Amino acid sequence: MREILFLAHRVPWPPDRGDKIRSFHILKKLQSMAPVHVGAFADDARDLECAEAERAGLASLHAELRNKPQWFSGIEALASGKPVSLTSFGSKAMQDWVDERLASGVISHIFVFSGQMAQYVPAGFDGQFIMDFVDVDSAKFESYAGEGNPLMRWVHGREGKKLADFEVEIAKRADASLFVSEAEAALFRERSGAGNVAALGNGIDTAFYDPAARFNKLHPVFPDPLIVFTGQMDYRPNIEAVSDFARNAMPAIRKVHPETTFAIVGRNPTPAVVALSALPGVQVTGAVDDVRSWLSGADVVVAPLRIARGIQNKVLEAMAMAKPVVASTAAAEGIDAVAGEHLLVGHDVSDEAAKVSALLSDTDERLRLGAAARAYVIAHYGWDMQLAPLDALMEAGAVK
């Protein structure tokens with residue numbers, strides 16, 4: 001192995017959201033193997049600054065602010081026949097930088113994080129090409145196509161079909177195609193027929209997400225009980241999850257526990273999310289300094305996602321903080337834990353409300369479930385353990 005080219009749709013720094021946490025730890029692992037060149041997009045000026053601060057530890061860096069309007073990406077997609085997911089991340093400057101790195105002759109491996117970035121890998125690359133799709137994105141858009149107005153159903157249906165074709169094409173070229181869970185890997189094998197597919201799970205920093213660690217506690221202390229949801233609040237599945245829970249679960253919960261507060265914790269809440277704060281017992285925090293403060297203060301953490309792909313970091317974080325978690329079937333699917341022993345799984349919003357209410361009435365069960373959750377995460381979800389297969393994979397360059 002000579003040098004590695006690492007391409008990501010978001011700069012891995014700071015690792016403060018699910019996709020960036022995964023890419024951050026994978027990059028650290030790759031840096032232990034060989035010099036790494038990083039090409040990635042930044043969402044804002046802060047991310048650009050964080051990327052520049054990491055330049056000294058890299059063989060080279062191209063961090064580019066992604067500010068292409070979505071409407072323009074849509075026009076490009078229609079004109080080119082490509083999915084919007086690709087045109088949104090299309091950049092001549094990025095392609096020129098990648099071409100320059102490859103022309104230097106030092107790159108023996110390309111590791112691509114997220115399907116949008118595979119467009120930068122030339123078909124003629126003769127080194128090892130590892131593709132981390134993370135999730136089956138095309139399936140997500142296909143699920144969106146079943147709802148909404150006719151125009152958006154068409155848009156999402158087109159995106160799902162175009163993206164699925166692209167995923168199959170890339171999987172044929174890649175030496176290995178990785179997904180965040182075996183469930184996602186199995187789904188992709190079924191959809192694509194690809195054989196070079198494997199699961200590479202997410203981990204959790206259990207020293208950081210530790211209820212005994214030092215971090216600021218909530219002030220003022222909320223009246224008991226407190227239910228918490230964490231996540232990026234301009235992400236559609238999160239928006240739909242908290243809207244459903246706030247409108248349909250909270251009234252039932254507050255009938256039994258009238259003082260209950262539901263805190264929606266995460267950056268960039270959309271107007272629709274902010275509007276939920278008008279509902280009884282619902283608070284929208286926006287960005288917070290340290291999500292551990294809110295997890296620590298929670299009596300129950302919920303993950304009521306109706307659409308979820310792969311492993312939900314929010315669930316692992318709450319479990320590591322020794323909190324009882326009530327997750328939807330979709331949110332729990334990628335986590336190899338036992339329902340009823342390490343977390344509770346609600347089959348619909350009514351079931352979630354009932355399980356949360358029962359936990360709020362049973363302190364001993366909350367403590368038991370939280371302790372079991374943390375012990376399970378420590379035993380099974382350390383980053384070193386989850387990423388150990390990368391050693392052989394980068395060396396062999398193919399799934400065996």
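Serine 114 is placed in the loop between β4 (107-113) and β5 (128-134), where helices (H or I, at least four residues) and strands (E, at least two) are DSSP runs numbered from the N terminus. The structure is a predicted model, in which local features need pLDDT of at least 70, side-chain atom pairs count only at pLDDT 80 or more, and totals for chains, interfaces and linings use all residues. Residues are numbered from 1 along each chain as its sequence is written, and side-chain values use heavy atoms, with hydrogens and water left out. Although serine 114 is not a glycine, its phi is positive, at about 85°. Serine 114 is buried, with a relative accessible area of 7%; buried denotes under 20% relative accessible area, exposed over 50%, and partly exposed in between (1.4 Å probe, protein chains only).

A positive phi is also found at alanine 322, which is not a glycine and has a value of about 60°. Alanine 322 belongs to the loop between α12 and β12 (325-328). With a relative accessible area of 25%, alanine 322 is partly exposed. Most residues other than glycine have a negative phi, and most peptide bonds are trans. The peptide bond from tryptophan 13 to proline 14 is cis, with omega near -15°. Proline 14 is located in the loop between β1 (3-8) and α1.

Helix α1 (residues 18-31) comprises 14 residues and reaches 20 Å from its first C-alpha to its last, close to the 20 Å expected at 1.5 Å a residue; the expected span is 1.5 Å times one less than the number of residues. Of the 14 residues of α1, 10 are buried, and the helix is mostly covered. The buried residues include Asp19, Lys20, Arg22 and Lys29, together with Ile21, Ile26, Leu27 and Leu30. Histidine 25 also lies in helix α1 and is buried, with a relative accessible area of 16%. Leaving aside neighbours within four places in sequence, histidine 25 is in contact with Trp383 and Leu387, contact being defined as heavy atoms within 4.5 Å.

Leucine 102 is situated in helix α5 (residues 92-103). Not counting residues up to four places away in sequence, leucine 102 touches Leu5, Ile107, Ile110, Pro122 and Phe125. The C-alpha atoms of leucine 102 and phenylalanine 125 are separated by 8.3 Å, and the two residues are 23 residues apart along the chain.

Two helix pairs were examined for packing. Two packed helices are described by the angle between their axes and the distance between the axes. The axes of helix α7 (residues 150-173) and helix α8 (residues 182-192) come within 11 Å and cross at roughly 95°; axes are lines fitted to C-alpha atoms, for helices over the stretch in contact, and angles run from 0 to 180 degrees between N-to-C directions. Ala164, Glu167, Val168 and Ala171 of α7 meet Phe188, Arg191 and Ser192 of α8.

The axes of helix α12 (residues 313-320) and helix α15 (residues 363-380) come within 7 Å and cross at roughly 115°. Helices α12 and α15 are therefore roughly perpendicular to each other. Leu316, Met319 and Ala320 of α12 form the contact with Gly370, Ala373, Arg374 and Val377 of α15.

Aspartate 299 lies in the loop between α11 (291-297) and β11 (300-303) and counts as buried at 14% relative accessibility. A polar atom of the aspartate 299 side chain lies 2.7 Å from the backbone nitrogen of leucine 226. Beyond its neighbours within four places in sequence, aspartate 299 is in contact with Asp224, Pro225, Leu226, Pro324, Leu360 and Arg366.

In helix α14 (residues 349-360), the 12 residues should span 16 Å at 1.5 Å a residue, in agreement with the 16 Å between the end C-alpha atoms. The N-terminal end of α14 is capped by aspartate 348, of which a side-chain oxygen lies 3.1 Å from the backbone nitrogen of serine 350. Val349, Asp351, Glu352, Ala353, Val356, Ser357, Leu359 and Leu360 of α14 are buried. The elements covering these buried residues include β8 (226-230), α9 (236-256), β11, β12, β13 (344-346) and α15.

Conventions: Angles under 35 degrees count as roughly parallel, over 145 as roughly antiparallel, 65 to 115 as roughly perpendicular and the rest as oblique. A polar contact is a pair of N or O atoms within 3.5 Å; within protein, one must be able to donate a hydrogen and the other to accept it, and residues adjacent in sequence count only if both atoms are side-chain atoms.
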